[in-house]
Amino acid sequence: MTIKIFNYPIAKRLILLIVGDLLIVNGSIFLSAIIRLGLNGGWEYLRSNSASFALTGLAFIFTFFFSELYDIRKDFKSIGNILTIAFASGSAFIITTFLFYISWSLRIGRGVFIINGVLITLFIIGWRFLYSYMLDQPIFKRNVLIVGAGWAGKTILQEITRSKKSGLRVAGFIDDDPVKQGKLVGGFPVFGDRYSLNTVIRQNEIGLIVNAITHEKHADLVKALINCSWNGTDIVDMPTIYEQLTGKIPFKHINDMWMLHVVISKPKLYGKLVKPIIEVFFALMLFVLLIPAMAIIAIVVKMSSRGGVFYTQKRIGKDGTEFTMIKFRTMIENAESNTGAVYAADNDPRITKVGRFLRKWRLDEIPQLLNVIKGEMSLVGPRPERYVFIKEFEEKIPFYTQRLAVRPGLTGWAQVKYPYASSIEQTEEKLQYDLYYIKNMSFILDIVVVLKTIKVVLFGSGK
């Protein structure tokens, strides 16, 4: 289902989608030049304006990304997604027009440019329609057998059912509990016990077995699963398939040995050496470039409410090390003088009007670039938390301290996938994303997080 590129697992279907888009964008560029200028003239025009056409292609691909058109769970045959493609293409057209305007040497002739935009839009709509149609065909579906009809089995059943474009189709369960056998669990049959495994696989043309037994397995079941693997049936454990479908780690369905295996098997060069160097370099550049914006924000914060411009607070970083985090102040002065340490909530009355704006666009986080430069934080990582909350979460949430295995981040996978947490339940949900990031930390995942953060900033979808 996935292949690893630079240590980051990417779904094969996503790769197919991106490759198809790239072929269409490049093919449309070539075809538009030929339609306008003929074969020889179009080829020569393409060669002499290769940088401009490359910029146009990148603008379309990035606009598709920001428009969530690389969410492989979507049905691209729906009218809503067709309109989204048209909107994204129109946005890319506007962006490239602006870029050509500020750099006149890159401009493309209007005729070729307009034809190219129309062709890309039409071909992308057609390609996405074909993509969704193909995935709906039985030949692209794999029958799934879930071993274990308990809590973990029901959880992965829900996720597979929710992910309609995953290419997975649940056939039913295997479970040793005689009470469950012959009955329906979540609308799917429990075929029998471990001894009926080979018969069930044969009768239902099973292509994938999901092992959803998180406790110790019976020796006979282990032998049966090994035989199935040797006979060509793919076997995957529940946390792995859950991770692939959701971008989260189901910490309630893993144990210490599973986490230990993750820690031992993970390549450490990127996280220990490459990532810190790259992030400090970019943090320095961003800090210098954003000095004018920070000056304006500082004036507005100071003039809008009583109190200082900056807000500092002790947070816990990598390996439990305490550091002082700095942000623009977004709450009233002495916001916790009467309440003590509490969660920030929706419509929190302590947040100022300017603070609400800064939070919405994530502008209050800019001073944390200093923490990145000092090596206390990363650009990308789990959100830094306060000691009082960490002590509370350690007692109530399994594996919460694993977040301290890496430097906290100015932004992160959990931050772009889920809003601010204001309860234990929401913190548990965010932890699943944090554990996914820690397990799959890589250059590609960091780029994805940065791009999603840019989208949050541009469209003000923060909280």
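The notes below treat the pocket, then the patch.

The model is predicted: local features need pLDDT of at least 70, side-chain atom pairs count only at pLDDT 80 or more, and totals for chains, interfaces and linings use all residues. Residues are numbered from 1 along each chain as its sequence is written, and side-chain values use heavy atoms, with hydrogens and water left out.

**Second largest pocket**

- The second largest pocket holds about 860 Å³ of space; a pocket is an open set of points on a 1 Å grid over the protein atoms alone, where a 1.4 Å probe fits, with protein on both sides within 12 Å along at least five of seven lines.
- Its lining comprises 30 residues, of which Leu286, Leu410, Val450, Thr453 and Ile454 are the closest to the centre; lining residues have an atom within 4 Å of a point.
- Helix 17 makes the greatest contribution to this lining, with eight residues; helices (H or I, at least four residues) are DSSP runs numbered from the N terminus.
- By class, 24 lining residues are nonpolar, two are polar and four are charged.

**Nonpolar surface patch**

- Leu31, Ile35, Ile114, Val118, Leu122 and Phe123 make up a nonpolar surface patch with about 540 Å² of accessible area together; patch residues have over 30% relative accessible area and no salt bridge, and nonpolar side chains are joined within 5 Å.
- Helix 4 (110–135) and helix 1 (12–48) each give two or more residues to the patch, with helix 4 giving the most, four.
- Valine 118 lies in helix 4 and counts as partly exposed because its relative accessibility is 45%, between the limits of 20% and 50%.

Note on methods:
Points joined across faces, edges and corners; volume = space filled by probe spheres on them. Nonpolar A, V, L, I, M, F, W, Y, C, P; charged D, E, K, R; others polar. Patch = residues over 30% accessible without salt bridge, like charges linked within 9 Å, V, L, I, M, F, W, Y side chains within 5 Å. Areas by Shrake-Rupley, 256 points an atom, 1.4 Å probe, with all protein chains shown as cover. Salt bridge = Lys/Arg side-chain N within 4 Å of Asp/Glu carboxyl O. Buried < 20%, exposed > 50% of the residue type's maximum accessible area, 1.4 Å probe, protein only.
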